[in-house]
Amino acid sequence: MKAIVLSVLFLFIAANEAKVFSRCQLVSILRRNGMDGYRGYKLGNWICMAYYESGYNSRAVGSSNSNGSRDYGIFQINSRWWCNNYQGPTANGCNKPCSAFTNDDIIDDITCAKRIVRDPNGMNAWVAWKKNCKGTNLSRWTSGC
């Protein structure tokens, strides 16, 4: 009986572990979903940004920001502007609960990222992109995929 309980416990723990995509897995998914060239941003921008925002971790949740908001998922979508975490004021521009961005299905994350980049700030909405990716040679992020 103890072995069955432990087996079930280990299966539950494994099921709750985050999906960390490989770089090339993410390249393939984003390419299939129209991100290469979306709003003028080549695929390397998205891959670089996701790396610096979440390390390609689909279930990443950032620590509390100075305004009390948090960031969720592979693109670290912010609760103040883009999703609702039910913990403070939100514009909820993507019309989603933040929990929708913390699972292994990143299609809704992609849809929201497309919405975010349509705003006047474009990819400048992501601090990690501005700091680490903007204006750099991004070819290495898609090379070999």
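Number the bonded cysteines of this protein in sequence order, and the pairing reads 1-8, 2-7, 3-5, 4-6. That pattern comes from four disulfides, a disulfide being a pair of cysteine sulfur atoms within 2.5 Å. Before we walk through them, please keep in mind that this is a predicted model, where local features need pLDDT of at least 70, side-chain atom pairs count only at pLDDT 80 or more, and totals for chains, interfaces and linings use all residues. Residues are numbered from 1 along each chain as its sequence is written, and side-chain values use heavy atoms, with hydrogens and water left out.

Let us start with Cys-24 and Cys-145, whose sulfur atoms sit 2.0 Å apart in a disulfide. This bridge links distant parts of the chain, 121 residues apart: Cys-24 belongs to helix α2 (residues 23-32), while Cys-145 is in the segment after α5 (127-132). Helices here are DSSP runs of H or I with at least four residues, strands are runs of E with at least two, and both are numbered from the N terminus. The torsion about the S-S bond is about -75 degrees, so this disulfide is left-handed. Cys-24 is partly exposed because its relative accessible area is 31%, and Cys-145 is partly exposed at 34%. The classes are buried for under 20% relative accessible area, exposed for over 50%, and partly exposed in between, using a 1.4 Å probe and protein chains only.

Next come Cys-48 and Cys-133, again a disulfide with sulfur atoms 2.0 Å apart. Cys-48 lies in helix α3 (residues 43-54) and Cys-133 in the segment after α5, so the bridge ties together parts that are 85 residues apart in sequence. Its S-S torsion of -90 degrees makes the link left-handed, and both cysteines are buried.

What is the handedness of the link between Cys-94 and Cys-112? With 85 degrees about the S-S bond, it is right-handed. The sulfur atoms of Cys-94 and Cys-112 are 2.0 Å apart. Cys-94 lies in the loop between β2 (77-78) and α4 (107-118) and Cys-112 in helix α4, so this pair joins parts 18 residues apart in sequence. Both Cys-94 and Cys-112 are buried.

Finally, have a look at Tyr-72, found in strand β1 (residues 71-72). Tyr-72 counts as buried because its relative accessible area is 8%. Leaving aside residues up to four places away in sequence, Tyr-72 touches several residues, including Ala-60, Ile-77, Cys-83, Cys-98 and Phe-101, where contact means heavy atoms within 4.5 Å. The C-alpha atoms of Tyr-72 and Cys-83, 11 residues apart along the chain, are separated by 8.8 Å.
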